[in-house]
Amino acid sequence: MRWIGAILGMLFLIFGPAQAGPLFDAAKQGDALTVKALLESGASVDERGPNKATPLIAASLEGHTDTVAALIKAGADVMARNRSGFTALHAAAFSGHVETARLLLASGADVNGRINRAEKSPIFMAADEGHIEMIKLLLDHNADIVTLDNDGFSVLIRTMFRKHYDIVGLLKQNGATCPPQDAFGPEFRRLCMEAGT
């Protein structure tokens, strides 16, 4: 049940406490028709909701690709960040919404953008949650798997900690290397070396 707490904690980081406007609420619910109507009536496409998230971030977290497309068409900033540093691509990667992420990447989202303090790019978010199809997409868009997060861990190391061995294998196929034995011990290295074989 710890994973439920982790997800709720991540959602709080993304949204946090605050009031949301009607555009934000419609985007979060995936109501593309209401989103379009509100935009046509003059709503600000990048209005801020809870934790300073934009409607685009809210729609991306929920995987509402049609709504994301409408917001982007209306000029939404694909690189806008919430208070914690999350972009829409971080949100889509965290939730595993591949088609939403594909659209964001095609619209100029930074595949290697890093969130505040934690220094995690979208591929870290996808790896932590075990979203292998998302990781394939991000790798196809040249996601950096070498740079470390603020804890000093690579994507591969974090994936090993989460025991997503299929993803470890994929990362190794794309140039990631297992740490030396003295870094995390012989068993850790053995599991890493065997992952994906």
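This is a predicted model: local features need pLDDT of at least 70, side-chain atom pairs count only at pLDDT 80 or more; totals for chains, interfaces and linings use all residues.
## The pairing of α3 and α5

Two packed helices are described by the angle between their axes and the distance between the axes. For helix α3 (residues 32-40) and helix α5 (residues 65-73), the angle is about 15° and the axes lie 9 Å apart. Angles under 35 degrees count as roughly parallel, and α3 and α5 are therefore roughly parallel to each other. Their crossing is right-handed.

On the α3 side, the contact is formed by Ala 32, Val 35, Lys 36 and Leu 39; on the α5 side, by Asp 66, Thr 67, Ala 70 and Leu 71. The residues of this contact comprise 5 nonpolar, 1 polar and 2 charged. An α-helix has 3.6 residues a turn, so residues three or four places apart point the same way.

## The buried residues of α5

Which residues of α5 are buried? They are Thr 67, Val 68, Ala 70, Leu 71 and Ile 72. These buried residues pack against α3 and also against α2 (22-29), α4 (55-62) and α7 (98-106). Just after α5, Gly 75 adopts a positive phi of about 100°.

## Leu 71 and the nonpolar core

In soluble globular proteins, nonpolar side chains tend to be buried together. The largest nonpolar core of this model contains 59 residues, and Leu 71 is one of those with the most contacts inside it, as are Leu 56, Leu 104, Ile 123, Ile 135 and Leu 138. Helix α6 (residues 88-95) supplies the largest share of this core, 6 residues.

Leaving aside neighbours within four places in sequence, Leu 71 touches Ala 27, Val 35, Leu 39, Val 45, Pro 55, Leu 56, Ala 59 and Ala 76.

Technical notes: Residues are numbered from 1 along each chain as its sequence is written. Side-chain values use heavy atoms; hydrogens and water are left out. Axes are lines fitted to C-alpha atoms, for helices over the stretch in contact, and angles run from 0 to 180 degrees between N-to-C directions. Helices (H or I, at least four residues) and strands (E, at least two) are DSSP runs, numbered from the N terminus. Angles under 35 degrees count as roughly parallel, over 145 as roughly antiparallel, 65 to 115 as roughly perpendicular and the rest as oblique. A crossing is left-handed if the near helix is turned anticlockwise from the far one by less than a right angle, and right-handed if clockwise. Contact means heavy atoms within 4.5 Å. Ala, Val, Leu, Ile, Met, Phe, Trp, Tyr, Cys and Pro count as nonpolar, Asp, Glu, Lys and Arg as charged, and the others, Gly among them, as polar. Buried means under 20% relative accessible area, exposed over 50%, partly exposed in between (1.4 Å probe, protein chains only). A nonpolar core is a set of buried Ala, Val, Leu, Ile, Met, Phe, Trp, Tyr and Cys residues joined through side-chain atoms within 4.5 Å.
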